[in-house]
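Please open the model in your viewer and keep the sequence beside it. We will go from one selection to the next and say what is found at each stop.

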Amino acid sequence: MKFKIETNLYDDGKPMFCKRQIEIEPGLTILVGCNGSGKTTLLDQIRTIVRDKEIPYIKYNNLTDGNETSYSMSMAAYFGNFEQMSATFSSSEGENIALSLGRIAEKIGRKIKECEEDHKTQLFIFMDGIDSGLSIDAIEDVKKYLFDTIFQRAKDLDVYLIVSANDYTLTINERCLDVYTGDYKRFASYESYYKFILQSRERKDQRFV
């Protein structure tokens, strides 16, 4: 699917993105770039277009859904889930994110079922900063047990799983979209990913000169 995006959001003559149109295919797409390069901004632009087209979607944002112990505690208290309250209170940041991912997995499962019952053909899943605070093993588990399960469960849907990455582990063997150039790439090694991040940081810094 093709998306027309706004490249110069701040109207300062310094575009955040090179291409006015990007294309995303069904499957897993990893958005890559340094912090502040526009991954979340691009994700939100695509989500807005999908929403306006009334295509089913679901979103997960690490900042609001996976990284605030107080929020997890209050939600657990509201729903009377004392087991979750105890786990959240005693868990590390990464473990709290894992708990939230369990909840989002349930929501995704319900959304897939809803799409099938309504005879929908497409589903977009947006995940922002999903790897923040997770260990390498935990990120591998997310890819194996969450991502793979989504595609196995939603065989009759064109699922667009769009994820922003902050860690090399998430990009391994995956199709990655450079948010600045709009081009796809794969990283053969950590060194190649690290070099890309440094270049992305240089481009970002030039925008503020």
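Is Glu 114 buried, partly exposed or exposed? Select Glu 114 in this predicted model: its relative accessibility is 38%, so it counts as partly exposed.

Next, select Glu 174 and Lys 143, another salt bridge, with 3.6 Å between the closest N and O atoms. This pair links distant parts of the chain, as Glu 174 sits in the loop between H7 and E7 while Lys 143 belongs to helix H6, residues 136–153, and the two are 31 residues apart. Both Glu 174 and Lys 143 are buried.

Move on to Arg 175, which forms a salt bridge with Glu 25, their closest N and O atoms lying 3.2 Å apart. Arg 175 is in the loop between helix H7 (168–171) and strand E7 (176–178), and Glu 25 is in the loop between strand E2 (21–23) and strand E3 (27–32), so the pair ties together parts that are 150 residues apart in sequence. Arg 175 counts as buried, at 17% relative accessibility, whereas Glu 25, at 45%, counts as partly exposed.

Finally, display the whole protein chain, where you can look for eight helices and eight strands. Of its 209 residues, 44% are buried, and a search of the whole structure finds eight salt bridges.

Key. Residues numbered from 1 in each chain as written. Predicted model: local features only at pLDDT ≥ 70, side-chain atom pairs only at ≥ 80, totals over all residues. Heavy atoms only, no water. Helix = DSSP H or I, 4+ residues; strand = E, 2+ residues; numbered from the N terminus. Buried < 20%, exposed > 50% of the residue type's maximum accessible area, 1.4 Å probe, protein only. Salt bridge = Lys/Arg side-chain N within 4 Å of Asp/Glu carboxyl O.
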